[in-house]
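Dear colleague,

Please find below the structure I am handing over to you, with its sequence. My findings follow directly after it.

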Amino acid sequence: QVQLVESGGGLVQAGGSLRLSCAASGRIFNINVMGWYHQAPGKQRELVATITSGGVTSYADSVKGRFTISRDNAKNTVYLQMNSLKPEDTAVYYCNALVQRSWFESQYTAWGQGTQVTVSS
């Protein structure tokens with residue numbers, strides 16, 4: 001089993017910054033895409049940003065220019081630098097990864113437990 005553990009959430013004022021980290025551990029052969037999603041109360045989980053193993057990134061329109069996703073392949077870790085935070089960014093942020101545990105196994109999606117980000121106005 002592969003575990004994803006997020007850290008770095010918290011309470012910040014509007015306009016502030018936070019950096020989230022997510023480390024994958026366990027039996028890992030390859031991690032293709034890693035990403036961040038968020039889920040606000042009463043809403044569906046939404047994609048925030050993704051990054052491939054080659055460093056190709058994509059972002060939700062709502063965070064473009066404010067958030068930056070990056071990863072350290074050697075550490076199986078993905079980061080989300082969040083700047084110019086807004087109250088509407090308040091949500092639980094989840095990390096996910098498309099993981100392959102061995103060369104002969106299929107890929108599957110692993111999820112972290114989530115970390116709360118609260119932006120006060």
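In this predicted model, Phe67 stands opposite Met82 of strand β8. The pairing behind this contact is that of strand β7 (residues 67-72) with β8: the two strands run antiparallel and are joined by 6 bridges. They form a hairpin with 4 residues between the strands, and Asn76 adopts a positive phi near 50° there.

Strand β8 also pairs with strand β3 (residues 18-26), again in the antiparallel sense and over 6 bridges. Here Leu18 is the residue that stands opposite Met82.

How much of strand β8 is buried? Of the 6 residues in this strand (residues 77-82), 5 are buried, so β8 is largely enclosed by the rest of the structure.

The second topic is the disulfide. The structure holds 1 disulfide, formed by Cys22 and Cys95, whose sulfur atoms are 2.1 Å apart. Cys22 belongs to strand β3 and Cys95 to strand β9 (residues 91-100), so the pair ties together parts that are 73 residues apart in sequence. Is the disulfide left-handed or right-handed? The torsion about the S-S bond of Cys22 and Cys95 is about -75°, and the disulfide is therefore left-handed.

With buried taken as under 20% relative accessible area, Cys22 is buried because its value is 0%. Cys95 likewise counts as buried, at 0% relative accessibility.

Yours sincerely

Technical notes. Residues are numbered from 1 along each chain as its sequence is written. This is a predicted model: local features need pLDDT of at least 70, side-chain atom pairs count only at pLDDT 80 or more; totals for chains, interfaces and linings use all residues. Side-chain values use heavy atoms; hydrogens and water are left out. Buried means under 20% relative accessible area, exposed over 50%, partly exposed in between (1.4 Å probe, protein chains only). Two strands pair if DSSP finds at least two bridges between them. A disulfide is a pair of cysteine sulfur atoms within 2.5 Å.
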